[in-house]
Amino acid sequence: MQELLALPTDMLSRCVSMLLPSQGFGATASEWRSAIALGEAAGDLHAALGESLQAAFEGLGLLVPAKMCGRRCWMRLIRALHSADEVSWRPVRTLRAVRPQYWGQRTPVHSAPRLSGATLSALPDGQLVLFGGRDSNSGDTVDSTFLITVSWSPPSTATAAPRGVAQWDVVTFEDGRQPQPRCYHSAALWGGSGPSQPSMLVFGGAGEGSALHDDVWVLGACPRATGRAGNAGNAGNALERGPESRYEWVKLELGEHRPAGRSSHLCCSWDVRGSRLSCLAGCDEQAGRSAIVHGGLGQNGVCSDVWLLPPPSRSR
């Protein structure tokens, strides 16, 4: 290394340029690894890598690295240009540090549950919600609600991947108002209009024994001082978050005309706002996302029906 750094600047740049892929930024990420590794070895080599890149690619000649980037800016540029070429699964480990209980409702857990048939949904604020499922340790069907917050640490080197850590909290509900235990149900974002965010809707699922559920629940968050959320008319807009928010389940009373109980069905969130489909489906364009359900396993076998649940109209 010392012999390499002792070379004149122009010769050092020439050596570095020999490591640049002949196809330039059209080359794969693996073909850039030698140049990146050399650029990370020392500040002078990083500078030589920058000079070689600017000489090889006319469009980079006008770039001036910021001082705060240190000796990683050119590697970051290469990595950014090849982000699509480096798609891969990244493990997310569970945070095991001791944390305080949040408002008496969220209790930290230090290991992820072993579940099958649960649902995992991403809320608009970046949190994840895991609900229900069958516990592989006990064999029981559960009604647990978990909130998961994932944070990412920056990569230690330009070629390393970011590191993910998941903070798990189990949510308890003071009045016991929550869906019955179930597995192989469905969950999707639903509602959300104006400044409000969509809530998480849960439909159906298999209960204890041979029970099949046909009920609909919505998980939303409301300020601590407001108390329990009300009817279906405000449930679709219940997700008003803040640092003192409390999560609450609301059961929607939807009458007799509804899908039969089922499990293992398909469900997705459907945003038809701005399209003519909203009028054809009878949806209020300003009300937010609808939920659409298809198929599943019912009491009489495999189902083939399709149902749409639009959010409550804002005019209600």
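Start by selecting Phe 146, which is buried, at a relative accessible area of 9%; buried means under 20% relative accessible area, exposed over 50% and partly exposed in between, with a 1.4 Å probe and protein chains only. This is a predicted model, in which local features need pLDDT of at least 70 and side-chain atom pairs count only at pLDDT 80 or more, while totals for chains, interfaces and linings use all residues. Residues are numbered from 1 along each chain as its sequence is written, and side-chain values use heavy atoms, with hydrogens and water left out.

Phe 146 and Trp 168 form an edge-to-face aromatic pair, 5.8 Å centre to centre with 75 degrees between the planes. Rings of Phe, Tyr and Trp (its six-membered ring) pair if their centres lie within 6.5 Å; planes under 30 degrees apart are stacked, over 60 edge-to-face, the rest tilted. Phe 146 sits in strand 7 (residues 145-153) and Trp 168 in strand 8 (residues 163-171), 22 residues apart. Strands (E, at least two residues) and helices (H or I, at least four) are DSSP runs numbered from the N terminus.

The count is 2 aromatic pairs. For the other, select Phe 131 and Trp 249: the ring centres are 5.1 Å apart and the planes at 55 degrees, so the pair is tilted. Phe 131 belongs to strand 5 (residues 128-131) and Trp 249 to strand 12 (residues 245-251), 118 residues apart. Phe 131 is buried at 0%, and Trp 249 is buried at 1%.

Last, select Val 272, in the loop between strand 13 (266-270) and helix 7 (277-280). Val 272 is buried, at 4% relative accessibility.
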